[in-house]
Amino acid sequence: MNRTSIVQANNLTAGYGQKKIWSGANFTIQPGEFVGVLGPNGAGKTTLFRLLLGLSKPLSGELKLFGQVPKRGSPRVGYVPQRRPVDQQLKLEALELVRLGVSGDQWGFASPRQARAERASAMEALRQVDAVDLAHRSLGQLSGGELQRIFLAQALIGKPDLLLLDEPLANLDIRREVELIHLITKVAKTENVAVLLIAHDINPLLPVVDKLIYFVNGQVANGPPDKIITNKTLSNLYGAPIEVLSDSRGRLAVLGTEEATHHE
């Protein structure tokens, strides 16, 4: 493994029990890289995250995280799960939620000095995601895009080297998608954090991602977007004719995936 690598996968096979989800994964992720994780529902995107979080073990092959087998609760990994609806009556301030990224696993009350230090760390994390103005607003008052900034700040408060984001763009309008993608890109590059982001649509990611990991039909492909989102690569992955079209704005449409997935 390269000493600077965050993640190294060698002929990796994943699954549950004896059921194989995907196999033959070979990829390396370096500090500061922004990686999109794509594929149809059930193809194994979240399975990769479970492996990296130490919640599951590979069926075969090798997966190294910071040169070691992934373990649960690594402080070097920040994780934002799929967003759940937030009760509009919830009065918890955004700052306090971010602070839980430091104190959430500790019992009892913090000393005044410790509480001040934790709030200072939380404010710094909010600055990283341009959300200082949201610090004292209750979670129930925040929009979907604002909530994603707060959850991202909570994941960043421990200063991770790897950030795992599970569909952070879901249910955001195009403007909010673009804002959040640019924000995540800034964090990756300025903080030298490797980012893996699960998404269903490649278009918001195209201008910024360094590489893609694409899961489909039990197979895995990885590489730069212009090498993965092609007729040939996707047709090989799906085992059926796939056509990639581009409009005048450079947005891509991938045709044939639904039929190919339906007949797997």
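**Figure 1. K159, an exposed residue in the loop between α4 and β6**. K159 has a relative accessible area of 62% and is therefore exposed; exposed means over 50%, buried under 20%, and partly exposed in between, with a 1.4 Å probe and protein chains only. The loop that holds K159 runs between α4 and β6 (162-166). Helices (H or I, at least four residues) and strands (E, at least two) are DSSP runs, numbered from the N terminus. K159 is not a glycine, yet its phi is positive, at about 55°. Most residues other than glycine have a negative phi. The model is predicted, so local features need pLDDT of at least 70 and side-chain atom pairs count only at pLDDT 80 or more, while totals for chains, interfaces and linings use all residues. Residues are numbered from 1 along each chain as its sequence is written, and side-chain values use heavy atoms, with hydrogens and water left out.

**Figure 2. Helix α4, residues 144-156**. The 13 residues of α4 should span 18 Å at 1.5 Å a residue, and the end C-alpha atoms are 18 Å apart, which agrees. The expected span of a helix is 1.5 Å times one less than its number of residues. Because 10 of the 13 residues are buried, α4 is largely enclosed by the rest of the structure. The buried residues are G145, L147, Q148, R149, I150, F151, L152, A153, A155 and L156.

**Figure 3. Helix α5 and the elements that cover it**. Buried in α5 are E177, L180, I181, L183, I184, T185, V187 and A188. The cover over these buried residues includes β3 (34-38), α3, α4, β6 and β7. After α5 comes N192, with a positive phi near 60°.

**Figure 4. Helix α3 and D130**. Helix α3 (residues 112-128) has 17 residues, which should span 24 Å at 1.5 Å a residue; the end C-alpha atoms are 25 Å apart, which agrees. A115, E118, A122, M123, A125, L126 and Q128 are buried in this helix. Just after α3, D130 has a positive phi of about 55°.

**Figure 5. L234 in helix α7**. Helix α7 covers residues 231-238. With a relative accessible area of 0%, L234 is buried. L234 is in contact (heavy atoms within 4.5 Å) with Y214, I228, I229, I242, V244 and V254, residues up to four places away in sequence not being counted. R251 is 17 residues from L234 along the chain, and the C-alpha atoms of the two are 17 Å apart.

**Figure 6. N203 and N217, two loop residues**. N203 sits in the loop between β7 (194-198) and β8 (211-216). N203 counts as buried, at 10% relative accessibility. Apart from residues up to four places away in sequence, N203 touches G250, R251 and L252. N217 belongs to the loop between β8 and β9 (219-223). N217 has a relative accessible area of 36%, which makes it partly exposed. N217 is not a glycine, but its phi is positive, at about 55°.

**Figure 7. T47 in helix α1**. T47 is part of helix α1, which runs over residues 45-52. At 8% relative accessibility, T47 is counted as buried. Its contacts, leaving aside neighbours within four places in sequence, are A14, Y16, I21 and W22.

**Figure 8. The chain behind the close-ups.** The chain has eight helices and 11 strands. Its C-alpha atoms fill a box of roughly 60 × 45 × 30 Å along the principal axes. A compact globule of 264 residues would have a radius of gyration near 18 Å, and the chain agrees, with 19 Å. This radius is taken over C-alpha atoms, and the globule rule is 2.2 Å times the number of residues to the power 0.38. Of the 264 residues, 47% count as buried. Contacts between residues at least 6 apart in sequence join residues at least 24 apart in 62% of cases.
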